[in-house]
Amino acid sequence: MVLRMELSERSYDILVERGALGRLGQYTNLNRKALVVTDDGVPPAYAQRVAEQFREGQVFTVPHGEGAKSFHMLEAICGRLLESRFTRSDLVVAVGGGVVGDLAGFAASCYMRGVGFINLPTTTLSQIDSSIGGKVAVNLNGIKNCVGAFYQPELVAVDSDTLNTLPERHFANGLVEAVKAGLLGDSGLFELFEAGDPHERIDEIILRSLAVKKVIVEQDEKEIGLRKLLNLGHTIGHGVESVCGLEDASGEGLLHGEAVAVGLLPMVDDPALRERVRAVLKGLSIDPDFPYDPDRVYERMTRDKKSHGGSITIARVRAPGEAYLKELTLEELRQYC
């Protein structure tokens, strides 16, 4: 199945097809240099399979975890591109999760003022959400995605066979974004989670989630208005993640989707729907009531890049498939912590 992100001259295909990782020549020009960026938590065979398909492919491996989204790693990637004499006709390819996609995409946007970028997501989180839309970034001083750009890929290829090697916790972590997508714009998608095991319908879940995001991004590429709906659960979630986020080697704390789950419940208007959402999240073995320090989370929320002039726009949900935006002062936002 191919979805087309329609963004004028920045349009691109979103391929959702099992086995796509090994058939890139059907979808893109392989007669160029490619720096394949991956992390050490991704099976090495994935990146190697991709690199071998290009005229000249190199693999660049970064450490697994949010800590890789740093200026240090950005400089290292750009340094490799320069050392290997990459030109603007060459490209960067991300093979991994959202961290790899953000980092590799931002490097592609910066090097030579922009080289080609292909995103090959290998986690549920990236396949369902972060691989499309063009947001690329690194973190700064503990604040997520504080320095970045809108830079669209030339191709996104989603191969759900790569999920077979994903730990169950990380599989469920990404599904939170699909629950969010269902609440935003597809009540049937939300109901899939109430109807049975998401493993059995993962390809449909991925496709429907991407379709929801695609429609929104096409109407508001640079997040001036409507695209802010995609931040449902993320205003509080990013604050919670900044305070309680999983450290690279600790094994404790929250993954991104788990933090978004905590931020999602307060944004649901109807108490009955809130309980349905809570039940769905718990069915994914995710705790939406994870305890946190509200003062510390609020402090991080006030530094959110989406705030402006002492106020912030949040996304809320009336019913599955019915979301809306609401403007709050930062002080009013405190009540949601």
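Tutor: Before we look around, here's a term you'll need: a cavity is a set of points where a 1.4 Å probe fits but cannot get out. Keep in mind as well that this is a predicted model.

Student: Got it. How many cavities of 30 Å³ or more does the structure hold?

Tutor: There are 4 of them. Let's take the second largest cavity, with about 50 Å³ of space.

Student: What makes a residue part of the lining of that cavity, and which residues are in it?

Tutor: A lining residue has an atom within 4 Å of a cavity point. For the second largest cavity, the residues that line it include Gly 101, Asp 102, Phe 117, Lys 135 and Tyr 151. Helix H3 (98-110), strand S6 (116-121) and strand S7 (135-140) each give the lining at least two residues.

Student: And what classes of residue are in that lining?

Tutor: The lining has 4 nonpolar, 5 polar and 2 charged residues.

Student: Why is strand S2 (residues 12-16) called largely enclosed?

Tutor: A residue is buried if its relative accessible area is under 20%. In S2, 4 of the 5 residues are buried, so the rest of the structure largely encloses this strand.

Student: How do you know that S2 pairs with other strands, and which ones are they?

Tutor: The test is at least two bridges between two strands. Strand S1 (residues 2-5) and S2 share 4 bridges and run antiparallel, with Val 2 opposite Leu 15. S2 also has 4 bridges to strand S9 (residues 155-158), this time in the parallel sense, and there Val 16 faces Val 158. Both counts reach the cut-off of two, so S2 pairs with S1 and with S9.

Student: What makes Ser 8 stand out?

Tutor: Ser 8 has a positive phi of about 55° and isn't a glycine. Most residues other than glycine have a negative phi. Ser 8 belongs to the loop between S1 and S2, a hairpin with 6 residues between the strands.

Student: Is Ser 8 buried or exposed?

Tutor: The cut-off for exposed is over 50%. Ser 8 has 61% relative accessibility, so it counts as exposed. Arg 85 has a positive phi too, near 60°, and sits in the loop between helix H2 (71-83) and strand S5 (91-96). With a relative accessible area of 68%, Arg 85 is therefore exposed.

Student: Why is Gly 22 called partly exposed, then?

Tutor: The partly exposed class covers what falls between buried, under 20%, and exposed, over 50%. Gly 22 has 39%, so it lands in that class. You'll find Gly 22 in the loop between S2 and strand S3 (33-39).

Student: How do you know that the charged end of Arg 318 sits over the ring of Tyr 324?

Tutor: CZ of Arg has to be within 6 Å of the ring centre, and within 35 degrees of the ring normal. The charged end of Arg 318 is 4.1 Å from the centre of the Tyr 324 ring and sits over it. Arg 334 does this with Tyr 298, at 3.9 Å.

Student: What joins strand S10 (residues 311-319) to strand S11 (residues 322-329)?

Tutor: They're joined by 8 bridges and run antiparallel, with Ala 319 opposite Glu 322. The two strands form a hairpin with 2 residues between them, and Gly 321 in the turn has a positive phi of about 90°.

Notes: Residues are numbered from 1 along each chain as its sequence is written. This is a predicted model: local features need pLDDT of at least 70, side-chain atom pairs count only at pLDDT 80 or more; totals for chains, interfaces and linings use all residues. Side-chain values use heavy atoms; hydrogens and water are left out. On a 1 Å grid over the protein atoms alone, a cavity is a set of points where a 1.4 Å probe fits but cannot get out, and a pocket is an open set with protein on both sides within 12 Å along at least five of seven lines; lining residues have an atom within 4 Å of a point. Grid points are joined across faces, edges and corners, and a volume is the space filled by probe spheres set on the points. Ala, Val, Leu, Ile, Met, Phe, Trp, Tyr, Cys and Pro count as nonpolar, Asp, Glu, Lys and Arg as charged, and the others, Gly among them, as polar. Buried means under 20% relative accessible area, exposed over 50%, partly exposed in between (1.4 Å probe, protein chains only).
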